[in-house]
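Visitor: I'd like to go through this model with you. Can we start with the charged pairs and then move on?

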Amino acid sequence: MGNLSRRSVLRTSLAAAAVGTLARPYIANAAATTAEVWWAQGFVPEEDVAIKKIVADYEKASGNTIDLTITPFAPQRQKIVAAVQSGIVPDVFPNNPGEITALYAWDDKLTDVSDVVETQKEEYTETALLNTFCYNRVTKDRGFYGVPDTTAALPNHVWRPLVEKAGYKVEDIPKTWDAYYSFFKDVQRTCANKACATSMASVSM
């Protein structure tokens, strides 16, 4: 498999939630058997063990090389922003923070990876696809500028003692989203002159 293009290496590799970048265009069309990949450090050791195994298995099966760098989330965000600004970037990196796929696609700083997504499009949810289908103001067109690999949900933490301190009951919390957030706005307003005001701000929007 020594005659693979760089795109072929990426297409058959990790299917990472990554964004292909436009740095090093002089390499992009050349034969390549190595791809540089940045990955976010896991919250438990098993996550890092798993990605290293995926990389090792891929390298063994393909004969290609993945230059993997694992970095904690916060430093990685700074590293990605600095890399894109300097133009010295890896082949694949995660959308950390999540907004960068759309922002960098808008500024034509990412490679359209629609051909990669198409190979597995039926496996994705509509939401996953919509989050990576971005507009490029230079090409005046939309394309996939990221390959989804993860779906996640952000929980709303509700602290019963604070709700009750504001004079409400947890049982009163509505079951629909608009009403839910309106409820916590009311709770926050009620709590505005109480000691719970600052803490309540973290559970309402």
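Guide: There are six salt bridges, a salt bridge being a side-chain nitrogen of Lys or Arg within 4 Å of a carboxyl oxygen of Asp or Glu. This is a predicted model, where local features need pLDDT of at least 70, side-chain atom pairs count only at pLDDT 80 or more, and totals for chains, interfaces and linings use all residues. Residues are numbered from 1 along each chain as its sequence is written, and side-chain values use heavy atoms, with hydrogens and water left out.

Visitor: Which residues are linked in a network of salt bridges?

Guide: Arg-160, Glu-164 and Glu-171. The closest N and O atoms of Arg-160 and Glu-164 are 3.9 Å apart, and for Arg-160 and Glu-171 the N to O distance is 3.7 Å. The second pair links distant parts of the chain, with Arg-160 in helix H8 and Glu-171 eleven residues away in the loop between H8 and H9.

Visitor: And how are Arg-160 and Glu-164 placed in helix H8?

Guide: They are four residues apart in H8 (residues 160-165), so about one helical turn separates them. Helices (H or I, at least four residues) and strands (E, at least two) are DSSP runs, numbered from the N terminus.

Visitor: Is Glu-171 buried or exposed?

Guide: Exposed, at 59% relative accessibility. Buried means under 20% relative accessible area, exposed over 50%, and partly exposed in between, using a 1.4 Å probe and protein chains only. Arg-160 is partly exposed at 40%, and so is Glu-164 at 41%.

Visitor: On to H9. Which residues are buried there?

Guide: Tyr-180, Phe-183, Phe-184, Val-187 and Cys-191. They sit on the same side of H9 because they cover an arc of only 90° around the axis, the arc being that of the directions from the helix axis to the C-beta atoms. The face turned away from that buried side carries the exposed residues Asp-178 and Arg-189.

Visitor: What does Arg-189 meet in a salt bridge?

Guide: Asp-186, at 2.4 Å from N to O. Arg-189 has a relative accessible area of 56%, while Asp-186 is partly exposed at 34%.

Visitor: What about the strands: how many bridges join E5 to E6?

Guide: Four, and the strands run antiparallel; two strands pair if DSSP finds at least two bridges between them. E5 covers residues 133-136 and E6 covers residues 141-144. Tyr-135 has Arg-142 as its bridge partner in E6.

Visitor: Which residues of E5 are on the covered face?

Guide: Cys-134 and Asn-136, with Phe-133 and Tyr-135 on the uncovered one. In a regular strand the side chains alternate between the two faces of the sheet.

Visitor: What is in the turn of that hairpin?

Guide: Four residues lie between E5 and E6, and Lys-140 in the turn has a positive phi of about 60°, although Lys-140 is not a glycine. Lys-140 counts as exposed, at 59% relative accessibility.

Visitor: Which peptide bond is cis?

Guide: The one from Asn-96 to Pro-97, with omega near 5°. Pro-97 is in the loop between strand E4 (92-94) and helix H5 (100-106).
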